[in-house]
Amino acid sequence: MHRLDRDAGVPPEILREARAKVASADRILALTGAGISAESGIPTFRGAGGLWRDYRPEDLATPAAFARDPRLVWEWYEWRRGLVAAARPNPGHRALAEFSLRHPAFTTVTQNVDGFHTLAGSPDVIELHGSLWRTRCTRCGAEREERRHPLPELPPLCACGGLERPAIVWFGETLPPAAWDAAETAALSCDLILVIGTSSVVWPAASLVPLALEAGAAGIEVNPDGTPLSESLLVLRGRAGEVLPALLG
Ligand code: OAD
């Protein structure tokens, strides 16, 4: 039986090994997913409370679902926007932000659309899947910031009269090329990848991990549950809001 560390719930020798990896890495990439925002009260996609009116994200976050029923898709995003608007970044976001400001070569890549890393103070966050706070016109392609919640009309309309959609990457769509290029470059050049709060089942985001490992990086996973990538990573089995302050503080 391991003696459990009081702060993080992680065996102290594993935490020590992980801290040593952090200390010896010149370039660090953090890849985050919905789990880092769970302690802010935002349900993860594949965990308890992630379903909305019995729909799975794969049923709503698609171009086909939007074409069929744009209002329904917007209602789902309005629910998520409301949860995020009422919540705050947690100690996990803050530990990452504080560490990344101290570290000369730290890149944060997130699959999250809640904006919490930036709100916590992380600089230059790469948002692979877009943002809840931006819309894109399905007719003219114009993007704009939209922070109002609730929205005055659903679905929102562009100045050109076209229907606006969330500026979020849906299943079957391509990631924003600039964000993907920057993430891939960071994965290929990092010495250490931190894989935090993601089920690592959605690609191409999850492919950044094998990319980094094959290029020679070490990897650490922060997650209370196992993932398909756990066996190739040093696993800190715990919650991001508890583990990250212990790992990076
Ligand atoms: P998932 O909901 O698939 O996975 C969340 C992960 O967080 C799981 O592995 C949990 O075990 C873990 N977790 C839960 N609580 C945690 C905590 N307190 N600390 C750390 N980890 C915790 O979310 P993602 O992997 O982000 O895409 O999902 C990937 C993408 O699929 C999302 O970006 C979204 C979704 O459909 C789009 O919206 C385009």
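Student: Where is the place of proline 155?
Tutor: This is a predicted model, in which local features need pLDDT of at least 70, side-chain atom pairs count only at pLDDT 80 or more, and totals for chains, interfaces and linings use all residues. Residues are numbered from 1 along each chain as its sequence is written, and side-chain values use heavy atoms, with hydrogens and water left out. Strands (E, at least two residues) and helices (H or I, at least four) are DSSP runs numbered from the N terminus. Proline 155 belongs to the loop between β5 and β6.

Student: What is omega for the peptide bond that joins leucine 154 and proline 155?
Tutor: Most peptide bonds are trans. The bond joining leucine 154 and proline 155 is cis, with omega about -15°.

Student: What is phi of aspartate 54?
Tutor: Aspartate 54 is in the loop between β1 (28-32) and α2 (57-60). Most residues other than glycine have a negative phi. Aspartate 54 has a positive value, near 75°.

Student: Which helix gives the most to the lining of the largest pocket?
Tutor: A pocket is an open set of points on a 1 Å grid over the protein atoms alone, with protein on both sides within 12 Å along at least five of seven lines; a cavity is a set where a 1.4 Å probe fits but cannot get out, and lining residues have an atom within 4 Å of a point. The largest pocket has 47 lining residues, with Gly33, Ala34, Thr44, Phe45 and Arg46 nearest its centre. Residues 70-85 form the helix that gives the most, four residues, and this helix is α4.

Student: Where does the ligand sit?
Tutor: The shell around the ligand has 21 residues (a heavy atom within 4 Å), the closest being Arg46, Val169, Thr198, Ser199 and Asn223. A molecule sits in a pocket if more than half of its atoms lie within 2 Å of its grid points. The ligand sits in the largest pocket.

Student: What is the volume of the second largest pocket?
Tutor: The second largest pocket is lined by 14 residues, of which Asp114, Gly115, Ser131, Trp133 and Arg147 are nearest its centre. Elements giving two or more residues to this lining are α4, α6 (116-120) and β4 (130-137). The volume of the second largest pocket is about 260 Å³.

Student: Which helix gives the most to the lining of the largest cavity?
Tutor: The structure holds one cavity of 30 Å³ or more. Among the residues lining the largest cavity are Thr110, Asn112, Asp114 and Glu127. Three lining residues come from the helix that gives the most, α6.

Technical notes:
Grid points are joined across faces, edges and corners, and a volume is the space filled by probe spheres set on the points.
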